[in-house]
Amino acid sequence: MSHQVMYSATMPASPFALDETRTIARLMLNYDSRYDVRAAVHEENLLKVKSLSNEKKLFNYIYNRLEQFPDELKEILINGDENDSRYVNFVSIMAYDRLFMEFVYDVYASKRINGDPITDYDVMSFFEKVAAHSEQVSEWKYETVFKLRRLYTRVLFETGLLKTSSGCRDLSKPFVSDSTINVLKKFGYEAIVRATLG
């Protein structure tokens with residue numbers, strides 16, 4: 001029996017959440033345990049959400065993707081230049097979410113090579129291709145796939161890799177400092193840098 005890759009559809013409504021990610025990264029550098037970080041977030045309503053369930057979902061998503069992220073990159077996320085911070089945040093999302101990573105490699109990287117925009121057809125085709133070889137994805141509801149399609153392009157837009165998040169999306173290349181690129185390469189993220197920045 002062949003091994004099936006497990007994909008996640010749990011991306012929250014605002015996955016990029018740069019300010020919230022910086023907040024949690026800062027707390028992770030100051031506290032030793034997940035419990036203490038969670039308590040600090042909750043007591044001060046640092047994620048500025050209206051319901052406990054939304055707070056829990058956003059906290060878990062951000063904390064889980066930063067948990068294995070090196071402290072040196074957390075520091076750039078918190079204190080770096082805006083473009084560097086946004087790009088490092090994007091890398092943390094990509095490294096955590098296997099399906100999003102495949103989307104970036106399959107769709108964004110190939111379009112970047114040719115300089116072509118990303119269309120709705122490109123995004124739909126990617127999900128159809130994944131569903132064809134993943135029983136898990138093929139069973140997802142239409143609403144789930146539609147949400148992810150919208151969120152994936154939104155993350156690329158908020159990173160500065162797309163000029164718009166809808167319609168015919170022209171690609172753009174944010175300026176990321178050599179020092180940040182070197183830190184990313186040092187921790188094994190060179191393939192992501194190559195796929196998105198060249």
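Me: Which backbone oxygen lies 2.6 Å from a polar atom of the side chain of Ser172?
Reply: This is a predicted model, where local features need pLDDT of at least 70, side-chain atom pairs count only at pLDDT 80 or more, and totals for chains, interfaces and linings use all residues. Residues are numbered from 1 along each chain as its sequence is written, and side-chain values use heavy atoms, with hydrogens and water left out. Ser172 sits in the loop between α9 (142-159) and α10. The backbone oxygen 2.6 Å from its side chain belongs to Gly160.

Me: With which residues is Ser172 in contact, leaving aside its neighbours within four places in sequence?
Reply: Contact means heavy atoms within 4.5 Å. By that rule, Ser172 touches Tyr108, Gly160, Leu161, Leu162 and Lys163.

Me: What is the mean pLDDT of the chain?
Reply: pLDDT is the predictor's confidence in each residue, from 0 to 100. In this chain, 97% of the residues reach 70 or more. Helix α8 (residues 135-138) has the lowest confidence, at a mean of 92, and helix α10 (residues 178-186) the highest, at 98. For the chain, the mean is 93.

Me: How many salt bridges are there?
Reply: Side chains of opposite charge can pair when their charged atoms come close. The rule for a salt bridge is a side-chain nitrogen of Lys or Arg within 4 Å of a carboxyl oxygen of Asp or Glu. The count is 12.

Me: Which residue forms a salt bridge with Glu82?
Reply: The closest N and O atoms of the pair are 3.1 Å apart. Glu82 is in helix α5 (residues 82-96), and its partner is in helix α1 (residues 18-30), 60 residues away. Asp19, Arg22, Glu82 and Arg86 are linked in a network of salt bridges. The partner asked for is Arg22.

Me: Is Arg22 buried or exposed?
Reply: Buried means under 20% relative accessible area, exposed over 50%, and partly exposed in between (1.4 Å probe, protein chains only). Glu82, at 37%, is partly exposed. Arg22 has a relative accessible area of 14%, so it is buried.

Me: How many residues apart in sequence are Asp106 and Lys129?
Reply: These two form a salt bridge, with the closest N and O atoms 3.2 Å apart. Asp106 lies in helix α6 (residues 98-114) and Lys129 in helix α7 (residues 120-133), so the pair ties together parts of the chain separated by 23 residues.

Me: Which helix holds both Arg194 and Glu190?
Reply: Their side chains meet in a salt bridge (3.8 Å, N to O). They are 4 residues apart, or about one helical turn. Helices here are DSSP runs (H or I, at least four residues), numbered from the N terminus. The one asked for is α11 (residues 190-197).

Me: Why are the buried residues of α7 on the same side?
Reply: Asp122, Val123, Phe126, Phe127 and Val130 are buried in α7. The arc is taken from the directions from the helix axis to the C-beta atoms. They share a side because they cover an arc of only 130°.

Me: Which helices do the buried residues of α7 pack against?
Reply: The face turned away from the buried side of α7 carries the exposed residues Tyr121, Glu128 and Ala132. The buried residues pack against α6, α8 and α9.

Technical notes
Helices (H or I, at least four residues) and strands (E, at least two) are DSSP runs, numbered from the N terminus. A polar contact is a pair of N or O atoms within 3.5 Å; within protein, one must be able to donate a hydrogen and the other to accept it, and residues adjacent in sequence count only if both atoms are side-chain atoms.
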